[in-house]
Amino acid sequence: MQTTIAASCADTYAALGKTVASPSWDPANGLYKVHQEVENKSIWVTRTTPTKHYVDDIEFVLTDSGSSCAVSAKSRSETMSYYDYDTNYCNMYNVFKSSGVSFSPVTTSECKWVPKPADVEATCNKY
């Protein structure tokens, strides 16, 4: 998933990092845990789903782009997963949405499961 944040990478890093480190913010009630951070450059977290306790790895890579910050994110299941039903997409999208940053419409290049644009909010509130 790619997007551009209308802020510096330092401010973006602070907003994303604060979100994933806070308990109980995820609209789908998943549990995020920070594993590694490289200041103003990247954040690696895991998310555990609330009911079946599946674990997904999520990485956000930040690159300065003038006065904005380009963010490339990826999410994948730690276990074999044939159908993720938009979960990996929502793992990333919910962080952007909940962090309060102003982000451009996201694009995806390798997500097999992507909710329809009209369904993103409802889908990501449950996954």
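Which residues in H1 meet which residues in H2? In this predicted model, Ala15, Leu16, Thr19 and Val20 of H1 are in contact with Val95, Phe96, Ser98 and Ser99 of H2. The two helices pack with their axes 9 Å apart and at an angle of about 110°. That angle makes H1 roughly perpendicular to H2, since values of 65 to 115 degrees fall in that class. Sorted by class, the contact of H1 with H2 comprises 5 nonpolar and 3 polar residues, and no charged residues. Phe96, one of the H2 residues in this contact, is buried, with a relative accessibility of 0%.

A search of the whole structure finds 2 disulfides. One of them joins cysteine 9 to cysteine 69, with an S to S distance of 2.2 Å.

The link of cysteine 90 and cysteine 124 is left-handed, with -80° about the S-S bond. Cysteine 90 has a relative accessibility of 0% and counts as buried; cysteine 124 is buried as well, with a relative accessible area of 0%. With the bonded cysteines of the protein chain numbered in sequence order, the pairing is 1-2, 3-4.

Why is cysteine 111 too far from cysteine 90 for a bond? The closest cysteine sulfur to that of cysteine 111 is in cysteine 90, at 9.7 Å, whereas a disulfide requires sulfur atoms within 2.5 Å. Cysteine 111 counts as partly exposed, at 26% relative accessibility.

Helix H2 also contributes to the aromatic contacts. The count of aromatic pairs comes to 6. In one of these, the rings of tyrosine 93 and phenylalanine 103 have their centres 6.0 Å apart and their planes at 85°, so the pair is edge-to-face. Tyrosine 93 lies in helix H2 and phenylalanine 103 in the loop between H2 and H3, so the pair ties together parts that are 10 residues apart in sequence. Tyrosine 93 is buried, with a relative accessible area of 10%, while phenylalanine 103 is partly exposed at 26%. Phenylalanine 103 also pairs with phenylalanine 96: the ring centres are 5.7 Å apart and the planes are at 35°, so this pair is tilted. The angle falls between the cut-offs, under 30 degrees for stacked pairs and over 60 for edge-to-face pairs. These residues belong to one aromatic cluster formed by Phe60, Tyr89, Tyr93, Phe96 and Phe103.

Backbone torsions were also examined. Most residues other than glycine have a negative phi. Histidine 53 has a positive phi, near 60°. Histidine 53 is placed in the loop between strand E3 (42–48) and strand E4 (55–65). At 53% relative accessibility, histidine 53 counts as exposed, the cut-off for that class being over 50%. Aspartate 86 also has a positive phi, near 75°, and is found in the loop between E5 and H2. Is aspartate 86 buried or exposed? Its relative accessible area is 13%, and aspartate 86 is therefore buried, given that the class covers values under 20%.

Technical notes:
Residues are numbered from 1 along each chain as its sequence is written. This is a predicted model: local features need pLDDT of at least 70, side-chain atom pairs count only at pLDDT 80 or more; totals for chains, interfaces and linings use all residues. Side-chain values use heavy atoms; hydrogens and water are left out. Buried means under 20% relative accessible area, exposed over 50%, partly exposed in between (1.4 Å probe, protein chains only). Axes are lines fitted to C-alpha atoms, for helices over the stretch in contact, and angles run from 0 to 180 degrees between N-to-C directions. Helices (H or I, at least four residues) and strands (E, at least two) are DSSP runs, numbered from the N terminus. Angles under 35 degrees count as roughly parallel, over 145 as roughly antiparallel, 65 to 115 as roughly perpendicular and the rest as oblique. Contact means heavy atoms within 4.5 Å. Ala, Val, Leu, Ile, Met, Phe, Trp, Tyr, Cys and Pro count as nonpolar, Asp, Glu, Lys and Arg as charged, and the others, Gly among them, as polar. Rings of Phe, Tyr and Trp (its six-membered ring) pair if their centres lie within 6.5 Å; planes under 30 degrees apart count as stacked, over 60 as edge-to-face and the rest as tilted.
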